[in-house]
Amino acid sequence: MPTRVFLTSGDLMADRRYDFARDLQMKGDLVGAADLLLQTTDLAPNFVTAWFSLGDIREALGERDAAIAAFRKAWAGDPDDRHGASLRLMRLGAEPLAAMPQFYLQTLFDQYARRFESALVDDLGYRGPELLFRAVLAVRAAARKPAFFKRAIDLGCGTGLAAAAFARKVDHFIGIDLSPRMIEQARVTGFYAELAVADIVQGLRARPDGSADLILAADVMIYVADLAPVLAESRRVLADGGLFAFTTETHAGEGVILGEGLRYAHAAAHVRASVESAGLTLSLLEDRSARAEDNVPVPGLVAVATKT
Ligand SMILES: C[S@@+](CC[C@H](N)C(=O)[O-])C[C@H]1O[C@@H](n2cnc3c(N)ncnc32)[C@H](O)[C@@H]1O
């Protein structure tokens, strides 16, 4: 799901040249597009979108150093980093792994809100909510407890697919998401008693101790590099016996990496260690893919942690 952000240079001529360069890029003339973008940035040296596109093209041409230089210009010109230039630098190994820029995420999901479900469910065979549902039921059955929850929080609720899957099992659903457009879509479903536009950690911090019986995060940890703050806050907000169920993408190596698709992948051992250091008990950890890419299942995990 690439973002397409345009921040005008404020110079009509430079903006037009940028459009021509994009046309050339779409037609496959990457060298011609790069030349034109260089002229464009000569005209408007702080034209962030042109620098970002130049970085993109340089990367596609295999010109790593030039790509890094262009992405650095794009990032410096827009510290909010709506294009996600810092992520591109991370993927190129030019910056250490860090959190995703919040404005980038917000822009990405605001842009996707209206076609999110068709893009994810129909095109990518998305089944994160279904995986969570089955995992939570399995954990409750193993504990011989009913799978019914008075108060649940849906982290990164998006358009409300996880609340739809759990609708019959939850009394009171709270949705938290940093994209206002996603929250608008979630509101229409009627599944949520409360909705908040917030980062998931900030949103959890606003909740009292022991105030939730279930916390869900379907396809959200793939945008979170450091699991520790989310796990720690979830533990505080959960009542005793409460569950935190989440999906994530994974990889065969160690720790966390940023994948080709600009989503984080957490190794299984890393998930296990993070859950345990947060003082939660890992009740279930299974290899399960929540989506496909180019018709190939993306390696993933489903995890359920219990506050004991
Ligand atoms: C791939 S969507 C999944 C939506 C929903 N959970 C589902 O299963 O359909 C990821 C959602 O997480 C939200 N998100 C990502 N990182 C977030 C963060 N740090 N804080 C709040 N929301 C976040 C995005 O805005 C987006 O709506």
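Predicted model: local features only at pLDDT ≥ 70, side-chain atom pairs only at ≥ 80, totals over all residues.
**Entry 1: domains**

I began with the domain assignment of the protein chain. It gives domain 1 as 12–96 and domain 2 as 114–306. I then looked up the spacing of the two. Their C-alpha centres lie 34 Å apart.

**Entry 2**

Next I turned to helix pairs. Two packed helices are described by the angle between their axes and the distance between the axes. I looked up both values for each pair.

Helix H1 covers residues 12–26, and helix H2 covers residues 30–43. Their axes come within 8 Å and cross at roughly 170°. Angles over 145 degrees count as roughly antiparallel, so H1 is roughly antiparallel to H2.

Which residues of H1 and H2 make the contact? From H1 I listed Met13, Ala14, Arg17, Tyr18, Phe20, Ala21, Leu24 and Gln25. From H2 I listed Leu30, Gly32, Ala33, Leu36, Leu37, Gln39, Thr40 and Leu43. By class, this contact of H1 with H2 has 11 nonpolar, four polar and one charged residues.

**Entry 3: H3 and H4**

I moved on to helix H3 (residues 48–60) and helix H4 (residues 64–77). The axes are 8 Å apart, and the packing angle is about 160°. That angle makes H3 roughly antiparallel to H4. The crossing of H3 past H4 is left-handed.

On the H3 side, the contact is made by Val48, Trp51, Phe52, Leu54, Gly55, Arg58 and Glu59. On the H4 side, I noted Ala66, Ala67, Ala70, Phe71, Lys73, Ala74 and Gly77. The classes here are nine nonpolar, two polar and three charged residues.

**Entry 4: H1 and H3**

How do H1 and H3 run relative to each other, roughly parallel or roughly antiparallel? Their axes come within 11 Å and cross at roughly 20°. Angles under 35 degrees count as roughly parallel, so H1 and H3 are roughly parallel to each other. I also noted a left-handed crossing for H1 and H3.

H1 brings Tyr18, Ala21, Arg22 and Gln25 to this contact. H3 brings Thr49, Ala50, Ser53 and Ile57. I logged four nonpolar, three polar and one charged residues for the contact of H1 with H3.

**Entry 5: the ligand**

Last, I looked up the ligand. How many residues surround the ligand? The shell has 20, and the closest are Phe109, Gly156, Gly158, Leu161 and Ala218. Helices H6 (102–112), H8 (128–142) and H9 (161–166) each supply at least two residues of this shell. By class, the shell divides into 13 nonpolar, four polar and three charged residues.

Notes
Residues numbered from 1 in each chain as written. Near = placed C-beta within 6 Å. Helix = DSSP H or I, 4+ residues; strand = E, 2+ residues; numbered from the N terminus. Nonpolar A, V, L, I, M, F, W, Y, C, P; charged D, E, K, R; others polar. Axes fitted to C-alpha atoms, helices over the stretch in contact; angles between N-to-C directions. Parallel < 35°, antiparallel > 145°, perpendicular 65-115°, else oblique. Contact = placed C-beta atoms within 7 Å. Domains from an automatic or database assignment. Left-handed = near helix turned anticlockwise from the far one by under 90°.
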